[in-house]
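Let's take a walk through a protein model together, starting at the ligand and moving on to the nonpolar cores. Have a look at the sequence and structure first.

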Amino acid sequence: MNIILFGPPGAGKGTQAEIISDELGIPQLSTGAMLRAAMKAGTELGLAAKAAIDEGSLVSDEVVIGIIRERLAESDCANGFILDGFPRTVPQAEALEKMGVRIDCVLDIAVPDEAIVERMSGRRLCSACGASYHVKYNPSADGVTCDRCGAKLIHREDDKPEVVLHRLGVYHAETEPLIGYYTNKGLLKAVDGCGAPAEVTALVREALGI
Ligand code: AMP
């Protein structure tokens with residue numbers, strides 16, 4: 001199954017993608033995680049993306065389309081994949097279509113703006129494996145290190161309140177038009193993303209019919 005997980009920053013795309021990826025045995029393709037890994041490694045791509053990411057703006061379509069094109073060509077995507085954080089603009093969606101990639105379902109995880117800032121101020125990310133936690137809703141066992149790999153948890157610079165407000169503005173202006181784009185193609189299914197992670201997972205499963 002080829003799935004797009006769609007929604008505003010902080011909707012829980014990463015958390016749900018991780019669960020569904022384990023369950024279906026298909027990879028989670030997170031452009032945000034790929035860009036952060038490139039930044040950490042200090043590659044040319046990472047350096048080019050850093051300014052946009054730090055200020056909460058989008059990295060250029062050309063760069064992210066290139067990353068996804070390469071990633072989708074890898075053999076583990078042959079039986080399906082979950083796109084998490086891509087496409088984020090209409091040109092990115094058009095590029096995906098031009099690559100001949102068939103999409104089975106676009107899940108829109110809907111969360112109102114008011115809930116997003118609270119969520120993101122409590123979000124913590126593993127500095128090594130990228131696993132996602134929340135200080136209140138989904139804490140790690142000791143609150144400071146990752147349950148999965150033991151590395152330190154961090155608060156992403158772009159999850160700080162002033163940057164989150166900017167990211168929400170970018171989402172409404174540039175990403176939200178994709179709701180119409182995929183509705184017109186009959187692919188969009190909306191899921192209420194306001195509940196606890198396990199409640200949202202139940203709705204995601206139902207929407208995907210798994
Ligand atoms: P995320 O982890 O999905 O919230 O992404 C973090 C940041 O990476 C975003 O705020 C953007 O700066 C950049 N990014 C991730 N995916 C994309 C994309 N599809 N298009 C443009 N920028 C992206």
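Which atom of the ligand is 2.8 Å from a polar backbone atom of G85? In this predicted model, a nitrogen atom of the ligand sits at that distance from G85.

| Residue | Part of the residue | Ligand atom | Distance |
|---|---|---|---|
| S57 | polar backbone atom | oxygen | 2.6 Å |
| G85 | polar backbone atom | nitrogen | 2.8 Å |
| R167 | polar side-chain atom | oxygen | 2.6 Å |

Now for the inside. In soluble globular proteins, nonpolar side chains tend to be buried together. The largest nonpolar core here has 27 residues, and the members that touch the most others are I4, L83, L96, I103 and Y182. Among the elements giving two or more residues to this core are β1 (2–6), β3 (81–84), α5 and α8, while α4 supplies the largest share, five residues.

Finally, look at two helices. The axes of α5 (residues 90–98) and α8 (residues 177–184) come within 9 Å and cross at roughly 35°. On the α5 side you'll find V90, A93, E94, L96 and E97, which meet P177, L178, Y181 and Y182 of α8. Sorted by class, that contact has seven nonpolar residues, two charged ones and no polar ones.

Technical notes. Residues numbered from 1 in each chain as written. Predicted model: local features only at pLDDT ≥ 70, side-chain atom pairs only at ≥ 80, totals over all residues. Heavy atoms only, no water. Axes fitted to C-alpha atoms, helices over the stretch in contact; angles between N-to-C directions. Helix = DSSP H or I, 4+ residues; strand = E, 2+ residues; numbered from the N terminus. Contact = heavy atoms within 4.5 Å. Nonpolar A, V, L, I, M, F, W, Y, C, P; charged D, E, K, R; others polar. Core = buried A, V, L, I, M, F, W, Y, C linked by side-chain atoms within 4.5 Å. Buried < 20%, exposed > 50% of the residue type's maximum accessible area, 1.4 Å probe, protein only. Polar contact = N/O pair within 3.5 Å; in protein donor to acceptor, adjacent residues only side chain to side chain.
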